[in-house]
Amino acid sequence: ETLNSLRPEVTVKREIRLNSAGLSSGRKIRKILKRNSIANLEEELVRGVYRKLYDTLIAELDGIDNGVPMFEGAPKYTSARTFPSALKRPKLTSERISSTKFLYNANRWWPARAIVEKAVRNRLKVLASGDILEQENFCPWKEHLYKLEGEQGIAGLSMYVIYFKRPNDWRVICVPLELASFVCCKFLARKWRGERDDKLEEISGIKGANFCHQTGFNGGNRTREGALRMTVASLEEK
């Protein structure tokens, strides 16, 4: 049995025969969430958290237990590099590590979907082209964005994400072509890269611009308007 054949409503990426890790995690997810006072245990949350945990952790354990090669073209599972060594530590069991990841996914990763969904829904209010998303705050957004764009038939539309970090600090992040890619759909303007503060303001002509990473994958401005201007100017660069 694989998870997709046993629980087709979950729909994970990996087709790996379930071993003890995969079988036991499915039975325990609700208990773990309830024990840690996770509110609103809707089916969508449970499925989403379980899918995330399986694809990023449990599939690796099932793959190792079953002797499944990690690579035959595309990776069959991802490796949480520190996981095997963590299991060697006293009092750190696979169940305890899984519980920790469950709670992160339930408390942090899954709620981020609503933030990203709102940003996608309101994208045309930020810029008529829909290229720029404005999030209420920073969150683990990338995986949710790719999934939501795919569901809505707008994959690859978003170029930048802007968000408020703290007073006088707005951030601009370029959207990668793929989840683990260092290549972005559209980097920030080339002539800004590696510059900061007054020099960046002078070069860009954008008030409040205070940094641009040397590769151009992110930057910052003191105001929302300035952050938005940085994205628009970068979009216009050929």
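This is a predicted model: local features need pLDDT of at least 70, side-chain atom pairs count only at pLDDT 80 or more; totals for chains, interfaces and linings use all residues.
The protein has 238 residues, of which 43% count as buried. Its secondary structure consists of 9 helices and 7 strands. Among contacts between residues at least 6 apart in sequence, 57% link residues at least 24 apart.

Five of the strands, in the order E3-E4-E5-E7-E6, make up an open sheet with mixed pairing. E3 and E6 are its edge strands, each pairing on one side only. On average, neighbouring strands in this sheet are turned by 20° against each other, direction ignored. Within the sheet, E5 and E7 are paired in the antiparallel sense over 4 bridges, and Trp170 lies opposite Asn221 in E7.

Strand E5 also contains Asp169. Asp169 counts as buried because its relative accessibility is 7%, under the 20% cut-off. Beyond its neighbours within four places in sequence, Asp169 contacts Tyr163, Phe164, Asn221 and Arg222.

Helix H9 spans residues 224–236. The distance from the first C-alpha of this 13-residue helix to its last is 19 Å, close to the 18 Å expected at 1.5 Å a residue. Buried positions in H9 are Gly226, Ala227, Leu228, Met230, Thr231 and Ser234. An α-helix has 3.6 residues a turn, so residues three or four places apart point the same way. The buried residues of H9 pack against helix H6 (123–126) and against strands E3 (132–135), E4 (160–166), E5 (169–174), E6 (209–212) and E7 (218–221).

In soluble globular proteins, nonpolar side chains tend to be buried together. The largest nonpolar core here has 19 residues, and those touching the most other members are Ile132, Tyr160, Ile162, Val172, Leu188 and Trp192. E4, E5, E6 and H9 are the elements that give two or more residues to this core. For Val172, contacts beyond four places in sequence are Tyr160, Val161, Ile162, Leu188, Phe217, Asn218, Gly219, Ala227 and Thr231. Of these contacts of Val172, Ala227 and Thr231 are among the buried residues of H9. Another core, of 15 residues, lies apart from the largest one and includes Ala112, Ala119, Cys139 and Ile154.

Technical notes. Residues are numbered from 1 along each chain as its sequence is written. Side-chain values use heavy atoms; hydrogens and water are left out. The expected span of a helix is 1.5 Å times one less than its number of residues. Buried means under 20% relative accessible area, exposed over 50%, partly exposed in between (1.4 Å probe, protein chains only). Contact means heavy atoms within 4.5 Å. Two strands pair if DSSP finds at least two bridges between them. Axes are lines fitted to C-alpha atoms, for helices over the stretch in contact, and angles run from 0 to 180 degrees between N-to-C directions. A nonpolar core is a set of buried Ala, Val, Leu, Ile, Met, Phe, Trp, Tyr and Cys residues joined through side-chain atoms within 4.5 Å.
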